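Work through the following exercises with the structure open beside you, and try each task before reading its solution.

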Amino acid sequence: MMRGSRMESMMNRSRWDLMATLVLPALVATGLLIPMQPVSLQAQQVDVYARPKQVERSRDYDAIHYRISLSFDLDQQSFVGENRITLMPLDDGFQRCVLDAEELVVDRVDALDGRGVEFTQTDRHLVIEFDRAYDFGDTVRVAVEYHLDGSAAGFFFDEETPDHPRMASTDSWADEAHHWIPCYDYPNDKVTHELIVEVDRGDKVLSNGRLVGVTDHPTDADRWIWHWSQEQPHATYLMMVAVGPFAVIEDSLGDLPISYWVYPDDEEDARWIFEKTPRMVEFYNTIFGYDYPWAKYDQVTTPHVGGGAEATSATILGQGVIHDRRAEQDFSWERIIAHETAHQWWGDLITLREWSHTWMNESFGTYSDYLWTRAEWGEDEGAVDLQGKKNQYLREARDRYMRPIVFDRYERPGDNFDSHTYPKGACVLHMLRYILGDEPFFRTLSRFLHEHAFQPVDTHDFMTTVREVTGKNLDWFFEQFIFSPGHPVFEVESTWNEGNGILRLQVRQVQDTSRGVPIYRIPVVIGIELPHEKTSMELWLREKEQVFEIELSARPLMVRFDEGNWLLKEWTFLKSRDELLYQLGHDDVIGRMWAASELQRFGDDPAVVDALDRQARDHEFWAVRRGALETLGKAGEEAGRQGGGEAGSAVRHDLYRLLSQDENSKVRVTALRLLGASGEPDLVPFLKERFGDDDSYLAQAEALRSIGKCGSRSDVRFLERAGRMTSHNNVIRRAAERAIEEIGGR
Ligand SMILES: [Zn+2]
């Protein structure tokens with residue numbers, strides 16, 4: 001159901017909520033990025049520093065309340081509307097009021113105290129001139145009548161298609177509310193609002209806040225009126241409306257109404273897809289130490305958002321969230337649902353006051369989806385999720401650019417919604433949590449939300465709360481990780497001196513510091529395993545090169561740099577084969593995956609193949625099995641290129657066959673891919689059997705691709721038949737087509 005056009009429009013607008021969550025598994029799947037070459041600033045493609053410098057917008061009035069009435073004609077794809085605006089001048093002599101308004105057409109403006117007004121509409125603004133001035137403290141009330149014909153930026157009319165019903169919906173992010181409401185459209189001023197919407201009976205209306213009521217139209221029996229009221233102030237980009245024949249699934253958490261608004265055909269799948277929502281709200285209530293702030297929580301599916309878009313009490317989700325149960329193992333939206341739910345606090349309750357501070361919304365949102373994953377799926381899934389976030393940032397740093405997280409250079413607000421804002425910021429919060437300790441960290445989050453509830457905030461507000469709650473001045477930490485670009489790149493070496501029983505640990509920071517990347521002051525945990533004991537110690541790094549001498553009772557079996565995986569870093573740590581084999585068999589999942597990828601250096605060494613084979617078969621966590629499998633696969637390909645490895649290849653094929661029936665679909669996909677890479681015609685019957693028996697669309701698609709590599713013209717009919725199977729995102733049809741092409745090309 002995911003269509004290219006939506007993906008494309010999402011990408012154009014740099015909306016990364018989907019990227020932040022869905023791309024991660026794919027990145028992890030293509031091999032660990034953990035050992036990387038140090039990022040070179042010269043290699044970067046995009047000069048983000050050439051973008052224009054932005055400052056927070058000034059204003060001369062405080063918008064207080066919008067009472068918006070909209071009357072829809074979905075057949076004509078239009079509405080007529082009115083916004084009754086209440087505002088207060090911020091100084092005396094207020095005679096000219098400038099509102100943001102674009103695409104919508106203003107028909108009439110009235111001052112509600114009976115004064116005379118004139119108005120002009122420019123491309124971007126509605127300018128209202130009063131016949132005399134108001135003073136500071138006055139209340140100014142003005143009614144703007146307007147209409148919109150056809151879709152606009154942030155406002156979408158849709159005909160009925162096989163994918164969705166006839167409907168209308170919005171995505172006001174980042175500054176597009178003023179395309180459907182004349183308003184002050186910048187997040188440094190929060191407002192309350194009402195939305196009173198007239199539609200055909202049968203169409204339902206969702207908006208922010210509390211449903212005041214649904215009433216009959218006074219004169220037209222075929223129409224009804226929905227009245228929503230958002231009674232706590234919020235930013236205009238969080239305003240939303242969705243109109244359509246939705247099925248509404250009602251759920252709750254205690255007194256809090258929670259509903260899922262979906263297309264009528266999607267009701268059955270939506271029930272289980274959204275069923276964790278109440279537990280997510282409860283989880284965030286607890287860890288944020290601040291109860292869910294809004295009157296209710298709704299989620300609605302629409303055709304125009306790629307991933308999700310937060311809106312107070314009414315999250316907008318792309319219709320791709322709906323999928324069948326088979327697709328859940330490969331295409332779960334659980335993290336997006338968690339991420340958007342967390343925005344009800346981070347982004348909605350507190351809101352960035354200017355678009356340099358995107359991390360106040362998105363890094364906290366992204367860290368929150370990690371926290372949910374860790375709590376719901378366990379430590380190992382949490383660790384892999386976090387590693388995926390690190391890799392996603394490191395990839396952007398390597399391939400595109402590095403910038404400070406708080407960054408005032410952008411053309412459009414969306415420019416900064418990238419892998420610095422989402423995953424890097426989340427990883428920085430994780431480091432901050434380590435430095436502060438769990439309880440002080442979460443106490444800080446709670447205090448921050450309480451102190452700044454319903455207000456716009458910036459990074460300095462948060463830094464102040466850190467100082468107030470913990471007593472610690474961590475400005476140096478923010479300076480390094482929030483206001484400077486880059487990340488540490490470590491070269492670690494350890495040497496053991498049997499004579500004096502001293503382990504010498506040398507840590508160099510080798511990041512390119514030419515463009516503002518600092519030498520970092522950061523604590524790191526060193527874990528040391530001896531034959532009969534295990535110790536950990538915290539060392540503080542603060543210089544370009546440091547040497548630590550640690551006295552030990554015996555030669556260590558494993559020296560672990562950054563035990564607990566707290567740091568966002570690149571690093572190299574050259575270890576012997578035996579050290580890596582020990583780490584592969586004894587470390588946490590991230591350490592085992594790292595050791596597996598390092599062991600590739602040793603090629604077809606029988607001890608290495610044996611150890612990787614054992615991890616691939618027996619480790620209880622899928623990502624370790626897959627990591628070991630991938631290394632074996634790469635080493636196998638290398639041996640194949642050098643013309644050897646016949647015996648090893650038989651062993652490998654047994655393993656690949658076994659793991660193509662692994663309980664985890666991601667492991668199966670890798671195993672099926674490796675089988676296909678062998679090009680062995682004998683494998684075709686087995687691959688066909690896997691296609692028939694597997695319950696993962698992705699694994700089935702991989703089986704077809706592998707048939708394309710191993711098969712012959714006699715398999716084309718099978719592939720054609722297989723390609724007719726309905727699948728999520730049409731992955732099977734596309735794989736079949738590619739396989740047929742590949743056979744045809746031979
Ligand atoms: Zn987000």
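The exercises below concern salt bridges in this predicted model.

**Exercise 1.** Find which residue's side chain meets that of R67 in a salt bridge, and state where in the chain the two partners lie.

*Solution.* Begin at R67, whose side chain meets that of E194 in a salt bridge with an N to O distance of 2.9 Å. Finally, consider accessibility: R67 is partly exposed, with a relative accessible area of 34%, whereas E194, at 13%, is buried because it falls under 20%.

**Exercise 2.** Decide whether K296 and D298, which form a salt bridge, are buried or exposed.

*Solution.* The closest N and O atoms of K296 and D298 are 2.9 Å apart. K296 has a relative accessibility of 7% and therefore counts as buried. D298, at 4%, likewise counts as buried.

**Exercise 3.** Locate the two partners of the salt bridge between R652 and D604.

*Solution.* The side chains of R652 and D604 meet at 2.7 Å, N to O. R652 sits in helix α17 (residues 646–659), while D604 lies in the loop between α14 (589–598) and α15 (606–618), and these distant parts of the chain are linked by partners 48 residues apart. R652 is buried at 5% relative accessibility, but D604 is partly exposed at 33%.

**Exercise 4.** State how many salt bridges are counted, and name the residues linked in a network.

*Solution.* The count comes to 57 salt bridges. D75, R166, E198, D200, D203 and R223 are linked in a network of salt bridges.

Notes. Residues are numbered from 1 along each chain as its sequence is written. This is a predicted model: local features need pLDDT of at least 70, side-chain atom pairs count only at pLDDT 80 or more; totals for chains, interfaces and linings use all residues. Side-chain values use heavy atoms; hydrogens and water are left out. A salt bridge is a side-chain nitrogen of Lys or Arg within 4 Å of a carboxyl oxygen of Asp or Glu. Helices (H or I, at least four residues) and strands (E, at least two) are DSSP runs, numbered from the N terminus. Buried means under 20% relative accessible area, exposed over 50%, partly exposed in between (1.4 Å probe, protein chains only).
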